[in-house]
Amino acid sequence: MAQIVRTGWFKAARIKSHEAYVNRAMLTARDTLVGMRVKLENEIRGLLKTLA
């Protein structure tokens, strides 16, 4: 392992904090929910338009 580090084949990786992962998950969930709401609103609008 030390030889790999000395020869430059290994680069240290930065690990994001737990809060960063939670924040990203919350943003993704929110984006999904907003998309579902917009899709449902458009579906209802389309159905009402054909009936009116």
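**View 1. Arg 37 and Glu 41 form a salt bridge.** The closest N and O atoms of Arg 37 and Glu 41 lie 3.5 Å apart. The model is predicted. Arg 37 and Glu 41 both sit in helix H2, which covers residues 18-51. They are four residues apart, so about one helical turn separates them. Arg 37 is partly exposed, at 49% relative accessible area. Glu 41 is also partly exposed, at 38%. Side chains of opposite charge can pair when their charged atoms come close. A search of the whole structure finds one salt bridge.

**View 2. Five residues make a nonpolar surface patch.** The residues are Met 1, Ile 4, Val 5, Trp 9 and Phe 10. Met 1 lies in the segment before helix H1, which spans residues 2-7. Met 1 is exposed, with a relative accessible area of 74%.

**View 3. The chain has two helices and zero strands.** Its C-alpha trace spans about 75 × 20 × 10 Å along the principal axes. The radius of gyration is 24 Å, whereas a compact globule of 52 residues would have a value near 10 Å. Buried residues make up 0% of the chain.

**View 4. The chain surface exposes about 5,500 Å².** Carbon and sulfur atoms supply 64% of that area. The chain carries 10 positive and 4 negative charges. The mean positions of the positive and negative charges are 11 Å apart.

Terms used. Residues numbered from 1 in each chain as written. Predicted model: local features only at pLDDT ≥ 70, side-chain atom pairs only at ≥ 80, totals over all residues. Heavy atoms only, no water. Patch = residues over 30% accessible without salt bridge, like charges linked within 9 Å, V, L, I, M, F, W, Y side chains within 5 Å. Areas by Shrake-Rupley, 256 points an atom, 1.4 Å probe, with all protein chains shown as cover. Salt bridge = Lys/Arg side-chain N within 4 Å of Asp/Glu carboxyl O. Buried < 20%, exposed > 50% of the residue type's maximum accessible area, 1.4 Å probe, protein only. Rg over C-alpha atoms; globule rule 2.2 N^0.38 Å. Lys, Arg positive; Asp, Glu negative; His and termini not counted. Charge placed at Lys NZ, Arg CZ, Asp CG, Glu CD.
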